[in-house]
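Me: Could you walk me through this structure in questions and answers? I'd like the cut-offs along the way.

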Amino acid sequence: MTIRASLPRRAVAELVGTAGLLVVVIGSGIQAAGLSRDTGVALVANSLASAVGLGLIITLFGPLSGAHLNPVVTLTTWWARRQGGEGTTGWEALVYTAAQTAGAVAGALLAEVMFGRTPGVLSTQVRGGGHLLVGEIVATAGLVLVIQGLERIGRAKLVPAAVAAYIGCAIWFTSSGSFANPAGTVGRAFSDSFTGIAPQSLPGFVAAQLVGGAAGLALAGFLYGGTGRRAGRGAARQAGRVTGREAEGGMGEAPSARPAYEAVS
């Protein structure tokens, strides 16, 4: 089900959800690095925990805020609205992005505190090089394509599992480790750990993520066609969740509570 929530409640859901995601990513990285000196073993543990945690968070917060957890995902829903479909307004996108970024930083600090580390220490792990930026473009484009593609073919209920599986894979098959999230990238700068990123590496990674998001959105449009309301209605009808009022006017629920990571179940 989808909960009709006010913008403040949805913003808190985005903040808490993104904080939870960073706790999982950073916390599992710290734990894995502490238990094994083998980088490969540590990465297996970190990627598995990150994928499972992400899937759970999307499932929990999807019906409330859409569980974007990521400014790139929020921007894709804003773009869908601009194209005449359902999605976030400009103001809602701004609020969501601020909440996601604040949540990411809070989650990073909480993870540090949980493991007895000094919170607020910036990462010293420089991630530079054009090949890493290419990796981020690919990772983010793939993420957007998975979300948009499933929604446009009426399989939105598969998004939580599919996104979790994609991120788990992308951590391995991309050179950058698949950050694929501007807010999460900023949050990771506040952890000098296995999953951290030095502040000087942020501009390149965030820019690459925005480029990747745009590329993924364009590719989804080319492959599947249709944006926003028509695609959203098709998914809802196929999932058996649309009411008569929605079928006629698409007014059954608040636009901003619609897809992105939202599960239709």
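Me: Which residues does leucine 54 touch, not counting residues up to four places away in sequence?
Reply: This is a predicted model, where local features need pLDDT of at least 70, side-chain atom pairs count only at pLDDT 80 or more, and totals for chains, interfaces and linings use all residues. Residues are numbered from 1 along each chain as its sequence is written, and side-chain values use heavy atoms, with hydrogens and water left out. Contact here means heavy atoms within 4.5 Å. On that basis, the residues touching leucine 54 are Leu21, Leu69, Val163, Ala164 and Ile167.

Me: Where is leucine 54 placed, and is leucine 54 buried or exposed?
Reply: Leucine 54 sits in helix H2; helices (H or I, at least four residues) and strands (E, at least two) are DSSP runs, numbered from the N terminus. Buried means under 20% relative accessible area, exposed over 50%, and partly exposed in between (1.4 Å probe, protein chains only). With 6% relative accessibility, leucine 54 therefore counts as buried.

Me: How many Å apart in space are leucine 54 and valine 163, C-alpha to C-alpha?
Reply: In sequence, leucine 54 and valine 163 are 109 residues apart. Valine 163 is one of the buried residues of H6, and what covers those buried residues includes H2. From C-alpha to C-alpha, the separation of leucine 54 and valine 163 is 8.0 Å.

Me: What span in Å does H6 reach from its first C-alpha to its last?
Reply: H6 has 15 residues. The expected span of a helix is 1.5 Å times one less than its number of residues, and for H6 that expectation is 21 Å. The model comes close to this, with H6 reaching 20 Å.

Me: What phi does leucine 69 take?
Reply: Leucine 69 lies in the loop between H2 and H3 and is buried, with a relative accessible area of 1%. Most residues other than glycine have a negative phi. Leucine 69 is not a glycine, but its phi is positive, near 60°.

Me: Which residue caps the N-terminal end of H3?
Reply: One of its side-chain oxygens lies 2.9 Å from the backbone nitrogen of valine 72. A polar contact is a pair of N or O atoms within 3.5 Å; within protein, one must be able to donate a hydrogen and the other to accept it, and residues adjacent in sequence count only if both atoms are side-chain atoms. The cap is asparagine 70.

Me: Which helices do the buried residues of H3 pack against?
Reply: H3 covers residues 71-82, and its end C-alpha atoms are 16 Å apart, which agrees with the 16 Å that its 12 residues should span. Its buried residues are Pro71, Val72, Val73, Thr74, Thr76, Thr77 and Ala80. They pack against H4, H5, H7 and H8.

Me: Which residues is threonine 140 in contact with, leaving aside its neighbours within four places in sequence?
Reply: Threonine 140 is placed in helix H5. At 0% relative accessibility, threonine 140 counts as buried. Its contacts are Val72, Ala180, Gln209, Gly212 and Gly213.

Me: What share of the contacts with a separation of 6 or more comes from residues 24 or more positions apart?
Reply: The protein has 10 helices and zero strands. Of its 265 residues, 52% count as buried. Among contacts with a separation of 6 or more, the share from residues 24 or more positions apart is 79%.
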